[in-house]
Amino acid sequence: MKKLLLSAAVCALSTSAFAADPHIDPAKLSEHIKVLSSDAFEGRGPATPGETKAVAYITQEFKADGLQPGGDKLKSGQRSWTQAVPLAEFDIKGPVAVSVKAGGETLTWKQGQEVAIRAAQTGVDHVSVKDAPVVFVGYGVKAPERNWDDFKGVDLHGKIALVLVNDPDFETGKGDFGGKAETYYGRWTYKYEEAARQGAIGFIVIHETAPASYGWNTVKNSNTNAVFDIIRKDPSKVHAPIEAWIQRDSTVELFKKAGLDFEALKKQAQTREFKPVILSGVTFSTDFAVDAKKVVSHNVVGLLPGTKHPNERVIYTAHWDHLGVGLPDAKGDRIYNGAVDNASGVSGLIELGRAFAHAPRTERTVQFMAVTAEEKGLLGSEYYATNPVYPLASTVANINMDGAAVNGPAKDISTSGDVGLTLQDDLIAVAKAHGRSFTPDARPEAGSFFRSDHFSFAKQGVPALSFGSGQDLVKGGVAAGKAAREAYTRDRYHQPADEFDPNWDLSGMAADLTIGFDLGRQLANSREWPEWKAGSEFKAMRDKTAAQRK
């Protein structure tokens, strides 16, 4: 969960009237969040006892809603409540030794303090790097369509590369990458993919709070526990042995010892003329063991068949997983409860299922899916989108809930990134009918569009539009909304402190869910199909299946 948003794929909708009142009850939302984020669920890590409890609870509530099972087909021909998601799990066993030689000194770093090294996802059981040369490669971007290449032919085999997070445009707000709005080239996931393509031992991403959009605690907690991936025939094609982050201060120190100015080189990296720079006299060493195994996690799937067009479906999603049990915080708490992220989204999913089940049945099928392993790289939704239980060509839309408004109602809604849908005006009209104004994404540089499960559907062509509460709270206005969001990101996001609070005002969450209900319901009673705008990177994929939609 990356930007407390309700994410939706929508088509052209009539907003003249709303045929059904969903009656979303904040008290029921609160109860679901309380249960799912309790210590008993142990942070809902995939392939842990916490998964077993979470899947059982969601299934129980889907049954109580009156939904039908919509998962994998059983031998009997009936459907189960889940879709099995085979994954590879990688965890570091024992201590992580990390040292750097620089300026004639040997610096010893600690896992989680100066660096956060992810368990290797290449299938090996041990990683040992001894005195690897270190190269600064700027933003680590190779984008031929933008005539941009940060590597300039440098040979990174046998080397460690230090790479900046976000895009070259982030600091200046202008340039070849669209200004402040982050592209996929700015995502740390892209940096690691490029490391494998360049043949490096690894890329270490330099953490700076503003371009990363979160603090070091989030990085540490997200990268020092078990990591997961889909099952790959040759994982080394997409993963280098070392995928890690480093603190900015530690980076500046290394540059100084190599006789370099970090800020000056960062400015050079913002230009097309930048060339990689070797950190003279600096080498990197690490040694750790890896436990690699195959596991099976689960997406939970319920549905309400359509009355006229049951093979066409609107899919609501929310990820049920969080970080499980990890490094302790200052209070010694090791359970990452994930109350806002994303017990709140699953709570909304359950109550939307109840609302649809108690309303007149729609013409198209409405599907409710709690997906796994979002925190591990959108893996549950990626698996569904590439191994769909039902065809994506006849999937009308995806509505994804990732985090919720817990500080009361807002006067406005906002979109996440530039989704390139032609029908944003219809979305705004639905919100306007509920007395809500529209505010553009306040933080396009955070790359929120790429950071939740709707992106998995968008990559396969299913139209996606992200929206949710803006920052203009009814109580306290924009100042209060901005302060609340910043406090959550700083003090709770991906930390054990993301715990249930009985004092939350969930009336804003209920209001947002009502908009989501109306969008989805009108879509499910429509013959319209969403479309991407000309120039959208997702349009070509969707257009390939245009003949299958009438």
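## Aspartate 65 and arginine 354

Aspartate 65 and arginine 354 are both buried in this predicted model. Their side chains form a salt bridge, with an N to O distance of 3.4 Å. The two residues are 289 residues apart and join distant parts of the chain, aspartate 65 belonging to helix H2 and arginine 354 to helix H8.

## Packing of H2 and H8

Helix H2 spans residues 49-65 and helix H8 residues 339-357; their axes lie 8 Å apart at an angle of about 20°. H2 is therefore roughly parallel to H8. The crossing of H2 past H8 is right-handed.

On the H2 side, the contact involves Tyr57, Ile58, Glu61, Phe62, Ala64 and Asp65; H8 contributes Val346, Leu349, Ile350, Gly353, Arg354 and Ala357. Sorted by class, the contact of H2 with H8 has eight nonpolar, one polar and three charged residues.

## Other salt bridges

The structure holds 22 salt bridges. One of them pairs aspartate 131 with lysine 101, at 3.5 Å between the closest N and O atoms. Aspartate 131 is in strand E6 (residues 126-136) and lysine 101 in strand E3 (residues 82-102), so this pair ties together parts 30 residues apart in sequence. Aspartate 131 has 27% relative accessibility and so counts as partly exposed; lysine 101, at 37%, also counts as partly exposed.

Arginine 272 and aspartate 176 form a salt bridge at 3.0 Å, N to O. Arginine 272 sits in the loop between helix H7 and strand E13, aspartate 176 in the loop between strand E9 and helix H3, and the two are 96 residues apart. Arginine 272 is partly exposed at 28% relative accessibility, as is aspartate 176 at 35%. Elsewhere, salt bridges with shared partners connect Glu171, Glu208, Arg248, Glu263 and Lys266 in one network.

Definitions and conventions
Residues numbered from 1 in each chain as written. Predicted model: local features only at pLDDT ≥ 70, side-chain atom pairs only at ≥ 80, totals over all residues. Heavy atoms only, no water. Axes fitted to C-alpha atoms, helices over the stretch in contact; angles between N-to-C directions. Helix = DSSP H or I, 4+ residues; strand = E, 2+ residues; numbered from the N terminus. Parallel < 35°, antiparallel > 145°, perpendicular 65-115°, else oblique. Left-handed = near helix turned anticlockwise from the far one by under 90°. Contact = heavy atoms within 4.5 Å. Nonpolar A, V, L, I, M, F, W, Y, C, P; charged D, E, K, R; others polar. Salt bridge = Lys/Arg side-chain N within 4 Å of Asp/Glu carboxyl O. Buried < 20%, exposed > 50% of the residue type's maximum accessible area, 1.4 Å probe, protein only.
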